[in-house]
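Please look through the structure below before reading on. The paragraphs after it go from the overall layout to single residues.

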Amino acid sequence: MNTALLLIQTLNGLQLGILLFLIAAGLTLVFGVMDFINLAHGVQYMIGAYFAVTFYTLTGNFFLTTILALGAALVFGLVLEFLIFRHLYDKDHLQQVLATFGLILFLNEAVKVVWGAAPLSYDAPEILSGSIVLMPGFLYSHYRIAIIVVGLLVALLLWYLVARTRYGMLVRAGASNAPMVSALGVNIRQLFMIVFGFGAMLAGFAGIMAGPIFSVEPGMGDNLLILAFVVIVIGGIGSIKGAFIAALLIGLVDTLGRSFARDIFRFFLDPSAANEVGPAVASMLIYVLMAVVLFFRPAGLFPAEGRG
Amino acid sequence: MTDIADSQPVKNAGKTEGRVPWIARLDLAAPLVLLILFALVPAYAAAADDGFILSFVTRIMILAIAAISLDLILGYGALVSFGHAAFMGLGAYVMGIAASHGMTELWLVLPLVLGISALFAAVTGAISLRTKGVYFIMITLAFGQMTFFTATSLSGYGGDDGMTLWDTTTMFGVEIFGNDTVFYLVVLAVLVGVYLLCRALVASRFGRVIRGTMENRERMAALGFDVFRFQLVAYIIAGMIAGLSGFLLANHTEFVSPAYMSWQRSGELIIMVVLGGMGTLWGAVIGAIAFLTLEEVLSYVTRHWKMIFGPLIILVALYAQGGIAGFLKGRGRG
């Protein structure tokens, strides 16, 4: 029975890791290329889910909803870039933190006004509504498996774009040394906009996929944003590969830690003490992991070339 | 060159044609005006029989203490700590947990609060200060979240919901904070003490080194200063002061909750410092007043006050880096 539980929690961990990767990928590129700290990236995730709620009520079709919400998330990201972010690129980090923090306050509240404060949700597509039997009595839904598969495909696509295309090359060059890329005659503003829009869309995509599993509510992106920060710090700013590995690592460590810390501590402590200590330690695990990584490698595991 | 410590009227007067004395006077006048205003509040509250204003201003002063401590490292050391609320929460929780075990004696609890804050600052600071820039922002943020989630998992001490305190701090067995006016005056005294301490620190050789690291870290290192050690000491001092303000906050609200150390709270502390004007110390006090008053007034106007407050912060970040203190100084110059 414990193996089945372990299997399920491992899959859950992978699934969290995939969602984190989708958010962290955009964040790490925006960071790496533009040296821009965007706290409002978690809001993109939330907005994606809310757009999906609206389009789902309109169309009733999950796949159509996904396409429409993706487009809307892209447009929304570009509008924000045009209105606010573009004026922040040459400011210092403190101003970026403040402005994007203000934006979070505004959008979390605006979402309440438009969609209401109550949690919303929508259904997973009909085809994926079934479950597979991992072991007798232990089911795992098709939809959650689909998230993992789709996420891996997106990761593959991203790898191709970044490692094999001309724009990917510019992005990598930008992450190493943006002023130099600009000096070589590349329209860096346009590159920024493409990276930004793409990042916003990825975060929105994560939100759309998360909708049927988690509830769609104001502030839903805030905690994931912090986890995404941990991911890109561990992975190394500007590195897609680092973000991918760190996201899966964080997803697994966090999920497995929370499920099994109590049981592990029962080996050395009496049950009531283990019940107290287990969850406390589990919630600290990923931060301790981050502290350890940064202690030995202050620039993360896979820093972008030229930054290490 | 924004504060009294390096404005030195005599030396600079010739260069800036009499402008500096105004700023020097402002640096003296602003804290004095604030002190007088704070001192008048209890009298007004008693005359108008207004319990709310007393409690509200007490809260302002407690957050002002934390904001001053953040300004010490942010405004003078350019260390953008995004986890400063963790120290407030830590101070509050140490007080709350001790009280829940019947330990309320000031002379036992206060050293415990300061000691644990210092220890936490030393450990997290030693790791965070190895990094720079964006990494520092994010690692302090992560440590803040770590304490937040640890607090939510303390099911024996209220967990997610927080914990009501049945006993406030005592001195030699007497409940000293029972009277609101007395507590107000204690908080005011702590605020003044913290301000003077930080003012002295900033003006000292230690403060000069810290400010030097803000201007040019490499040059300070080249001059032979162990930058890391200076920054760590500043970080620990700031952490202890914030812990102290958390201790006061717990006594004020008679309640501790993980919300005290949420990352939004850390963000609010940064806003207070920037809104008031970084690197002035008294600007942080003005920032705390402005922030909490705005919050109070706007939430009176509309339930969705954050929709007004958010854009306001964006505007401050984009166009008003000097904050309110910068505005006052700018008027003096013009």
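In what order do the elements of chain A run from the N terminus on? The order is α-α-α-α-β-β-α-α-α-α-α-α, where helices (H or I, at least four residues) and strands (E, at least two) are DSSP runs numbered from the N terminus. Chain A therefore is as compact as a globular protein of its length, 308 residues, since its radius of gyration is 20 Å, close to the 19 Å of the globule rule (taken over C-alpha atoms; the rule is 2.2 Å times the number of residues to the power 0.38).

This is a predicted model, in which local features need pLDDT of at least 70 and side-chain atom pairs count only at pLDDT 80 or more, while totals for chains, interfaces and linings use all residues. Residues are numbered from 1 along each chain as its sequence is written, and chains are lettered from A and ligands numbered from 1 in the order in which they are written.

Helix α9 of chain A covers residues 240-265. Its 26 residues reach 35 Å from first C-alpha to last, close to the expected 38 Å (1.5 Å times one less than the number of residues). At A:S259, α9(A) bends by about 45 degrees, the angle between axes fitted to the seven residues ending there and the seven starting there.

Buried residues (20 or more other C-beta atoms within 10 Å of their own, C-beta atoms being placed from the backbone) make up 49% of chain A.

Definitions and conventions. Buried ≥ 20, exposed ≤ 12 C-beta atoms within 10 Å, placed from the backbone.
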